Amino acid sequence: GRFNRNQREQLPKVPINNQIREREVRLLGADRELIGLMSSSEALDLAMEQGLDLVMIAAEAKPPVCRIMDYNKFKFDQDKKTKEAAKKQKTLQVTEKELKMRYNIDIADYNVRKKAALKFLANGDRVKVTCQFRGREQDYQDLAIEMFKKLADELSEVGKVEGRPGGKATGRSLIMTIAPLATKAQVQADKKKKAKRDRGGARDDDDDDVEELVEDELETA
């Protein structure tokens, strides 16, 4: 419904309804169609007749551009977009996944960890592989180094070792860090393309200039 002009909540940061007092405005309809030039009072009357709001979307234009819309619905959609953008930003953060292995790990457990590392790296995350030694097990550090080199080689298509492929000795641990070859953004873009292909073709999501102008003007309102 229409924005309540008498509500005592914080007013929008862009002029709407009777806050617009321009002598002349260029008016766009609810479907973004150009209606024409008229006074702001005439434009507001048209908006009220449709039970909608008059929103100034380009105050710097000569004359200013206004659009008829459901302001509350637009704000709801904008808030939803903001939350989705924040969620997307969170998914783009690179995390470090840790895998622990023993120098004498059996082949089945080794393959389980390799599979996990492949998944993490393919998703754009870093992988930290740790091998701990107890007591005299440190005498077998060479076996762990060879194991790390083997793992690094088998993961080379999706990740690159930071430092020496055999890892770095730290106290009673041997540590090897592998960075993904693809960034989080690339991974997300590839997933999006695949999803579009699965739906039978990409949909054109590009908004026209007017819609982009609306979002730029109102996204912080």
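**Notebook: helix H1 and its sheet**

I started with what lies over the buried side of H1. The cover of the buried residues of H1 includes strand E1 (25-28), strand E2 (34-38), strand E3 (53-58) and strand E4 (65-69). I am working from a predicted model.

Next I looked up which residues of H1 are buried. In H1 (residues 40-49) they are Ser40, Ala43, Leu44 and Ala47. They span an arc of only 100 degrees around the axis, which puts them on the same side of H1.

I then checked how the helix is placed. H1 lies across E1, E2, E3 and E4. Against E3, H1 runs at about 130 degrees. After H1 comes Gly51, and I noted its positive phi, near 70 degrees.

**The sheet**

In what order do the four strands stand? I read E2-E1-E4-E3, an open sheet with mixed pairing. E2 and E3 are at the edges with a single partner strand each, so one side of each has no neighbour in the sheet. Neighbouring strands here are turned by 30 degrees against each other on average, direction ignored.

I went through the pairs one by one.

- E1 and E2 are antiparallel, with four bridges. Leu27 has Gly36 in E2 as its bridge partner.
- E1 and E4 run parallel and are joined by three bridges. Leu28 stands opposite Arg67 in E4.
- E3 and E4 are antiparallel, with five bridges. Asp53 faces Met69 of E4 across the pair.

I also looked at the hairpin of E1 and E2. Five residues lie between its strands. Arg32 in this hairpin takes a positive phi near 70 degrees.

**The whole chain**

The protein chain has six helices and nine strands. Of its 221 residues, 34% are buried. I also asked what share of the contacts with a separation of 6 or more comes from residues 24 or more positions apart. The share is 61%. The chain exposes about 14,300 Å², and carbon and sulfur atoms supply 48% of that area.

Notes: Residues numbered from 1 in each chain as written. Predicted model: local features only at pLDDT ≥ 70, side-chain atom pairs only at ≥ 80, totals over all residues. Heavy atoms only, no water. Helix = DSSP H or I, 4+ residues; strand = E, 2+ residues; numbered from the N terminus. Buried < 20%, exposed > 50% of the residue type's maximum accessible area, 1.4 Å probe, protein only. Contact = heavy atoms within 4.5 Å. Areas by Shrake-Rupley, 256 points an atom, 1.4 Å probe, with all protein chains shown as cover. Arc of directions from axis to C-beta. Pairing = 2+ DSSP bridges. Axes fitted to C-alpha atoms, helices over the stretch in contact; angles between N-to-C directions.
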